[in-house]
Amino acid sequence: MTIKPLIILPDPVLRQKSRPFEGIDAQALKLAGDMLDTMYHAPGIGLAAIQVGVAARLLVLDVAPKEASPDPRIFFNPEILWRSDERSVYDEGCLSIPEYYAEVERPKRIGLRYVDEHGVCMEMEADGLLATCLQHEMDHLDGILFIDHISKLKRDMVIKKFKKRAKGMQESAAVL
Ligand SMILES: [Zn+2]
């Protein structure tokens, strides 16, 4: 079990575009396992590889209700095939933007193609929280954050707050 350190706003790494996998090898599976450990430990319901500093098109999630048994899911090279016109709104948060939440509107349903942990190309349809979570994590693979979907005024406020926080952490580190 390996808990990896999370990349936090405003780290520019979060804005990198991730590269696709050419094959699913032991190293890719180890990364996915470490990401699930990191996500459960945080705790969170989704995590993209770039959030642990790896610019690779991989995301993990578990949107099972708290009382249900865990349902870890791994998606390599996910691609959206279609989006519904119908939209839904969720209060979103992000492990890279701790303790900040905002309502984001996204397509309610999506069609998805991805490669699973056995290296098999799969297609699926997602709805509700799963669809929102997949879209949030897939945005990360292109360097997009959920705050990019809110008003510029709100976004600028959040970025300013996290810049201050990062600066404060650097200063306290220097004292030590
Ligand atoms: Zn996120």
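Helices here are DSSP runs of H or I with at least four residues, strands are E runs of at least two, and the numbering starts from the N terminus. The model is a predicted one, so local features need pLDDT of at least 70 and side-chain atom pairs count only at pLDDT 80 or more, while totals for chains, interfaces and linings use all residues. Residues are numbered from 1 along each chain as its sequence is written, and side-chain values use heavy atoms, with hydrogens and water left out.

H136 and H140 each bring NE2 to the metal, C94 brings SG, and the coordinating distances come out at 2.1 to 2.3 Å. Donors are taken as N, O and S atoms within 2.8 Å of the metal (3.2 Å for Na, K and Ca); water is not among the atoms, so sites may look incomplete. Read along the chain, the zinc donors follow the spacing C-x41-H-x3-H. H136 and H140 are both buried, a label that stands for under 20% relative accessible area, with exposed meaning over 50% and partly exposed in between (1.4 Å probe, protein chains only).

Turning to the strands, β1 (residues 46-48) and β2 run antiparallel and are joined by 3 bridges, with A48 standing opposite L59 of β2. Pairing of two strands calls for at least two bridges between them in DSSP. Strand β2 (residues 58-61) is covered on both faces: L58 and V60 are buried on one side, and L59 and L61 are buried on the other. Strand β3 (residues 73-83) also pairs with β2, again in the antiparallel sense, over 4 bridges. Within that pairing, V60 has I74 as its bridge partner, and L58 faces F76. β3 is in turn joined to strand β6 (residues 109-115) by 5 antiparallel bridges, where I80 stands opposite L112.

What about the segment before α1 (26-41)? That is where I7 sits. I7 has a relative accessible area of 16% and therefore counts as buried. Leaving aside neighbours within four places in sequence, I7 is in contact (heavy atoms within 4.5 Å) with V13, L14, I50, Q51, V52, G53 and S96. As for V54, 47 residues away from I7 along the chain, the C-alpha atoms of the two are separated by 10.0 Å.
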